[in-house]
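This report describes how two parts of one protein chain meet. Please look at the model below before reading on.

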Amino acid sequence: MAPALTTTSSVACAWEDFLRQHGDVVAVFDHRTQGSGNVSWTVDTDDGRYFVKTAGPAVPPPGAPTPYLDHAGRVALLRTAVELSASCRHPALARLRNVIESPQGPALVYDWAPGELVRVPSSERGDPRSPYQRFARLPTSTLLGVFDRLIDLHRELGEQGWVAGDLYDGCLLYDFGTDRLTVVDLDTYHRGPSTNTMGRMFGSDTFMAPEEHVLGAVIDQRTTVFTLGRLVWHFGTRLTERRDRFVGPPALAEVVEVACHPDPARRHRDVAALSHAWRHARRR
């Protein structure tokens, strides 16, 4: 089969018809697996495996929940993802190989990234076999290395002006065989400071900053700093939230505690400052 997924610029047919013409669809992610309204596929082709993401149908199929965002809103987020991918080539990001246009909006074709999503349903979080538990029990040096890459990615994104949105453990794809971290689903990131117009914004309460719950609050890189700090603290304390269980030395715990301060003015001023403090403490 020709590498159509990485060379085609536009199509007129339905997405699934196009994908099945040019590869083997091995997985479908639609309203049966998540409620965003997006539809994505994992596709095997002669030149590799790809993850293809679309905004899904304009009208939800029978029995599907109504997404929070309408079709135009979901298309806009995909355009944001394209812009973000073009601005940052960090190895912790899945590589965007192509954007295929259609009357239904774009399809984003990514290199498939191996691994398991760290987030699992709440009913499975106590299962020691779950990715959630296994990730939290990684050897100390391995887990700190994962945090290094997560913070470094957001340092690079911050240099390009990006502010995190809806960053949580469901964005972390981890390959336990190779210790590779891939951060996915960054569609709701935005460039520059903004104002909270929703009240409770998208995200997981475990990792969201206080200002993400306050209508009219400023959302900026200090918000990203908080969420990164919460991810590091939650998993770095082996899910206990206890300082005496933190996997790093006291100096590193102090860096994370500053990141997680409820007052944005008391946090690291941006992700670059967090990254600098983190790297300094790691060398001590």
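## A salt bridge to begin with

K53 and D187 form a salt bridge, with their closest N and O atoms 2.8 Å apart. The term salt bridge is used here for a side-chain nitrogen of Lys or Arg within 4 Å of a carboxyl oxygen of Asp or Glu. By that rule, 3 salt bridges cross the interface of domain 1 and domain 2.

This is a predicted model, in which local features need pLDDT of at least 70 and side-chain atom pairs count only at pLDDT 80 or more, while totals for chains, interfaces and linings use all residues. Residues are numbered from 1 along each chain as its sequence is written, and side-chain values use heavy atoms, leaving out hydrogens and water.

## The two domains

The protein chain is divided into domain 1 (8–111) and domain 2 (116–282); such bounds come from an automatic or database domain assignment. Taken over C-alpha atoms, the domain centres are 26 Å apart.

## The interface

In contact (heavy atoms within 4.5 Å) are 15 residues of domain 1 and 18 residues of domain 2. The two domains bury about 1500 Å² between them, 63% of it on carbon and sulfur atoms. Buried area is the accessible area (1.4 Å probe) that two parts lose on being put together, summed over both. On the side of domain 1, L84, H90 and A92 lose the most area to domain 2, together 33% of what that side buries.
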